[in-house]
Amino acid sequence: MWIDRLELRDYRNYETLDLSFSPEINVFIGENAQGKTNIMESLYVLSMAKSHRTTNDKELIRWNADYGKIKGDVFRKYGKLPLEIVLSKKGKKAKVNHLEQRRLSDYIGQLNVVMFAPEDLNLVKGSPQIRRRFIDMEIGQISPVYLHDLLTYQKLLKQRNHILKQNYGKQAINDVMFDVYTEQFIEAAVKIIQKRYQFMELLQKWAEPIHHGISRGLEQLQICYQPISGLKPEWTPTEMASFLEQKLAEVRKREIERGLTLVGPHRDELQFLVNGYDVQTYGSQGQQRTTALSLKLAEIELIKQEVGEAPVLLLDDVLSELDDYRQSHLLNTIHGSVQTFVTTTNVEGIQHETIQNARLFEVSQGMVKG
C-alpha cells in the first residue's frame, strides 16, 4: 500500500497543504520547528485516528480554527481508497471512501503505518506503559476485534475502579455490580492476553533473525510478554479465567485500600533479552537501539504477512540517531519494498542510493516546496 496524496486543512501550523508523493521514498528537509514532524504526525493520524505525540486532539487543530481536516488517497492492491479524518472541539469523524464510519475501530486498519522516531528508543528503556501502548497500537492495526475487546476492557476497568474508590478504606465491598463487572472484566482480560501472546510469538519470529543480522550474528534477541505472574500461554481461556479470578481474590483487600484494580493486562510488561540479559537494565545504548530498530523492521514484516501488503514507513528524524551501519541496514531493508517518509535537517551525511533517488520536499515556516 502507498499514500498518493495528502491534503491538510487547519492542521497544526498548516492552514492548507496539498502534496503528492512518490510510491518509494519521500524526504522532508528543513530546520527544526518548521513543520516536518507535523506532516509525519498527520500521516499517522490518517492511519490510526489518533496522534503519537498527544492524547488531546484539540492540539492538532490550527490556532483559532474551528476544526482540522486530514484527507489522503491511499492505493491498496484492490485500488484507490480515499480516507478522511475531521477533528473538531466536539470530537472526530472518520470516513472511508467518503462514508462516515460509525466506530473508529471500523476505520483503523485501512492504512497501515509503522512509525520510527527518536522517542521509540523508549520502547526498550522507557516505562511499561510505553510498551503496552506499542502492543495495543500494533495489534489494533491488524485486528479490529482486538480494538473492540480493548475498549470493552478499559470501560470495565474504569467501572471497577470507580466502585473500588467508592469503597476506599472499607473491609469489604457489598455491591452486586462489582461482582458483575469483575466477571466481565476477567472475560475481556483473557481475550486481550491471548491475542497479545499470539502477537508476541509472531513478532519474535520476525525480530530474532533481523536482530541477529544487524548485530552481525553476535546477538540473540528474545521478546518476553509478561502477564500476571504464573499465567501460562498454553492455558485454555477457562484456565486463564480461573487463575485471574484467584489472583483478584488474593489482592481484593489491597485493591480496596488503594482504590485501584491491581491485576490485569493494564499492568502487564514486555521484556527484551539480548543473549539472555535484560537489555533495558544491562544493554548498551547501541544494543538498545538495535533492539528498537529490530522491532520496527519486524513490524513491517509482520503486517505484510498478516495483511498481505507492506505498510507505510514513517522515519521521523531517526536516521541521525543511528550510526552508519544501522542506518545502512535500515535503508537496505526498505529499499524498493516499502513506501517511506523521512524527515531530516539535511541529507548530506546520508550516503545511500535510497535517499539519493528520493523525492525531496523543503519545509520552512509551514511552507512546503517539492
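Student: Hi! What does the chain average in pLDDT?
Tutor: Hello! This is a predicted model, and the chain averages a pLDDT of 91, with 99% of the residues at 70 or above.

Student: OK, strand 1 then. How many bridges join strand 1 to strand 2?
Tutor: Six, and the two strands run antiparallel. Strand 1 covers residues 2-11 and strand 2 covers residues 14-20.

Student: Which residue is the bridge partner of Leu8?
Tutor: That would be Leu17, in strand 2.

Student: And what about the turn, how many residues lie between the strands of that hairpin?
Tutor: Two residues. Arg12 has a positive phi there, near 50 degrees.

Student: Switching topic: what is the strand order in the open sheet of three strands?
Tutor: The order is 9-10-11, and the pairing is antiparallel. Strand 9 (221-226) and strand 11 (277-278) are the edge strands, each pairing on one side only.

Student: How many bridges are there between strand 9 and strand 10?
Tutor: Six again for this antiparallel pair, where strand 10 spans residues 269-274. One of the residues involved is Leu221, whose bridge partner in strand 10 is Val274.

Student: Which helix packs on the sheet?
Tutor: Helix 6, residues 176-214, which touches both strand 9 and strand 10.

Student: What angle does the direction of helix 6 make with that of strand 9?
Tutor: About 170 degrees.

Methods. Residues are numbered from 1 along each chain as its sequence is written. This is a predicted model: local features need pLDDT of at least 70, side-chain atom pairs count only at pLDDT 80 or more; totals for chains, interfaces and linings use all residues. Side-chain values use heavy atoms; hydrogens and water are left out. Two strands pair if DSSP finds at least two bridges between them. Helices (H or I, at least four residues) and strands (E, at least two) are DSSP runs, numbered from the N terminus. pLDDT is the predictor's confidence in each residue, from 0 to 100. Contact means heavy atoms within 4.5 Å. Axes are lines fitted to C-alpha atoms, for helices over the stretch in contact, and angles run from 0 to 180 degrees between N-to-C directions.
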